[in-house]
Amino acid sequence: MSLIALGGVIGAGLFVGSGVVIGSTGPAAVISFLVAGALTVLIMRMLAEMTVARPALGSFYAYAREALGERAGFAVGWMYWYFFVIVVAVEAVAGGKLVQLWLPDVPLWVISLVLLTSLTLTNLVSARSYGEFEYWFSSIKVAAITVFLFLGALAVFGLWPNTPGGLGNLTAHGGFAPHGIGSVLVAVVPCVAFYTGAEIVTIAAAESAEPRRAVANAMRSIILRVIAFYVLSVLVVVAVVPWNSPEIEVSPYAAALQALSIPAASTIMNAIVLTAVLSCLNSALYTSSRMLFALTQRGDAPNGLTKLSSSGVPRRALLAGTVVGYLSVIAAYVSPDLIFAFLVNSYGAVALFVYLVIAISQVRLRRRVDDSQLPLKMWLFPWLSYLTIALMLVVIAAMAVLPDTRSQFWLSLVTLAVVLVGYEVRRRRAPGTTDPTGGVDRP
């Protein structure tokens, strides 16, 4: 469970996307990742409080439904499902591009479909099968970052051959924040998106033997590890390689390994990034199917998706998300600049909307219980909870006005509008389906 939580936030965004942040921010990208990591930790602590108190099928979908009503629960559940079925397509295409480096004669769409089909079959077997694959994927990623930090530390302390050592690169090329403090704050927006995925552990908890203990342990361990892995590894990159090197924006970790004269650095990093991509694809298939299954339990999705296999896998829910993934992969091949670009932009802010609802739900539900009954609590409640909500609103507002993220914000609003219309259709067709328990009892 700890590796699922950790693996969920260590994706291609860290290994590739961090280079874009470094290129636009400079060495001060370390601060951007630190702030975004702290905000993510606060959201996860709020979610962990609710999950440990009452584990629920669908996790934050059930909590939003109880705290804010059926409409909010419906919206959160379907937005989160949509987010991850698009992630399925994005990661399948990204994985295909990486494999194509070794198999250049094979069409991209063929490789993407093979990867998607392979991991779909894995998830169809059992939840344990997903967990075992994710365990090994996450182990590889964690091991890779650990080795990278060790090599970087040797370079920084001047113990690596033919390296000057020191932290001179942090200020030698225009200063620590060459583009000003504003760029540091702006970079927090994409950095928050890189951390998305830690919440998957609370969904997986519903299928674990001891959900309360599993979530509590995973959330405690993930806090320092996530910040350490992201912040320290980015610090190593900008310490070893000048932040304005063209190679950083392409692949920052490969650039650092090349600076240390590591043989076959690009090939090594491509293999690690492929592992990260497959891990995200594996998690996205699992998460989307479990969220869709949870939606069926409260009448928010068709009952035909409810059926479980003998091993407890909601196969119909899994295949429903996979079909959308297949169609999206086809769109990436047929219309990459129109349909696929629209799909990618239309989910950009969805996870942030979900995080905001998680924070608001925690405040509402916390006021309904006796603090002494909570095994795990949000720190400094209610003020830190209010601060977290305010910071999430600032991040979302920034996404709405920044040129690079504006289209994602507005298209994500279109996604939200479509989901809300879907709720009205559902409400009119099936009135009076409210669950008096709030939908948080574990099945």
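A residue is called buried when its relative accessible area is under 20%, exposed when that area is over 50%, and partly exposed in between, using a 1.4 Å probe and protein chains only. The structure is a predicted model, in which local features need pLDDT of at least 70 and side-chain atom pairs count only at pLDDT 80 or more, whereas totals for chains, interfaces and linings use all residues. Residues are numbered from 1 along each chain as its sequence is written, and side-chain values use heavy atoms, with hydrogens and water left out.

**Cysteines**

A disulfide is a pair of cysteine sulfur atoms within 2.5 Å. A search of the whole structure finds zero of them. C191 is in no disulfide, and the nearest cysteine sulfur, that of C280, is 16 Å away. C191 counts as buried because its relative accessibility is 0%. C280 is also buried, with a relative accessible area of 15%.

**Helix contacts**

Helices are DSSP runs of H or I with at least four residues, and strands are runs of E with at least two; both are numbered from the N terminus. Two packed helices are described by the angle between their axes and the distance between the axes. Here the axes are lines fitted to C-alpha atoms, for helices over the stretch in contact, and angles run from 0 to 180 degrees between N-to-C directions. Contact means heavy atoms within 4.5 Å.

The axes of helix 2 (residues 12-25) and helix 3 (residues 29-53) come within 9 Å of each other and cross at roughly 125°. Helix 2 is therefore oblique to helix 3. In this scheme, angles under 35 degrees count as roughly parallel, over 145 as roughly antiparallel, 65 to 115 as roughly perpendicular, and the rest as oblique. From helix 2, S18, V21, I22 and T25 meet A29, S32 and F33 of helix 3. This contact is made up of four nonpolar, three polar and no charged residues. For these classes, Ala, Val, Leu, Ile, Met, Phe, Trp, Tyr, Cys and Pro count as nonpolar, Asp, Glu, Lys and Arg as charged, and the others, Gly among them, as polar.

Helix 3 also contains E49. Is E49 buried or exposed? With a relative accessible area of 3%, E49 is buried. Leaving aside residues up to four places away in sequence, E49 touches Q362, R366, L374, L376, K377 and M378.

Helix 5 (residues 70-100) and helix 17 (residues 350-366) have axes that come within 9 Å and cross at roughly 145°. The crossing of helix 5 past helix 17 is left-handed, a term for a near helix turned anticlockwise from the far one by less than a right angle, with clockwise giving right-handed. On the side of helix 5, V76, M79, Y80 and F83 take part, and they meet V350, A351, F353, V354 and V357 in helix 17. The contact of helix 5 with helix 17 has nine nonpolar residues, no polar ones and no charged ones.

Helix 13 (residues 252-259) is mostly covered, with six of its eight residues buried. These are P252, Y253, A254, A255, A256 and L257.

**Backbone geometry**

Most residues other than glycine have a negative phi, and most peptide bonds are trans. The table lists some exceptions.

| Site | Backbone value |
|---|---|
| N162 | phi about 60° |
| S261 | phi near 60° |
| L380 | phi near 50° |
| F381 to P382 | omega near 5°, cis |

N162 lies in the loop between helix 7 (127-156) and helix 8 (181-186), and N162 is exposed, with a relative accessible area of 83%. S261 follows helix 13. The loop between helix 17 and helix 18 holds L380, which is exposed at a relative accessible area of 65%. P382 lies in the loop between helix 17 and helix 18 (383-401).

N217 is found in helix 11 (residues 211-240) and counts as partly exposed at 34% relative accessibility. The C-alpha atoms of N217 and A48 are separated by 9.9 Å, although these residues are 169 residues apart along the chain. V186, in helix 8, is partly exposed, with a relative accessible area of 38%. From V186 to V395 the C-alpha distance is 8.7 Å, and the pair is 209 residues apart in sequence.
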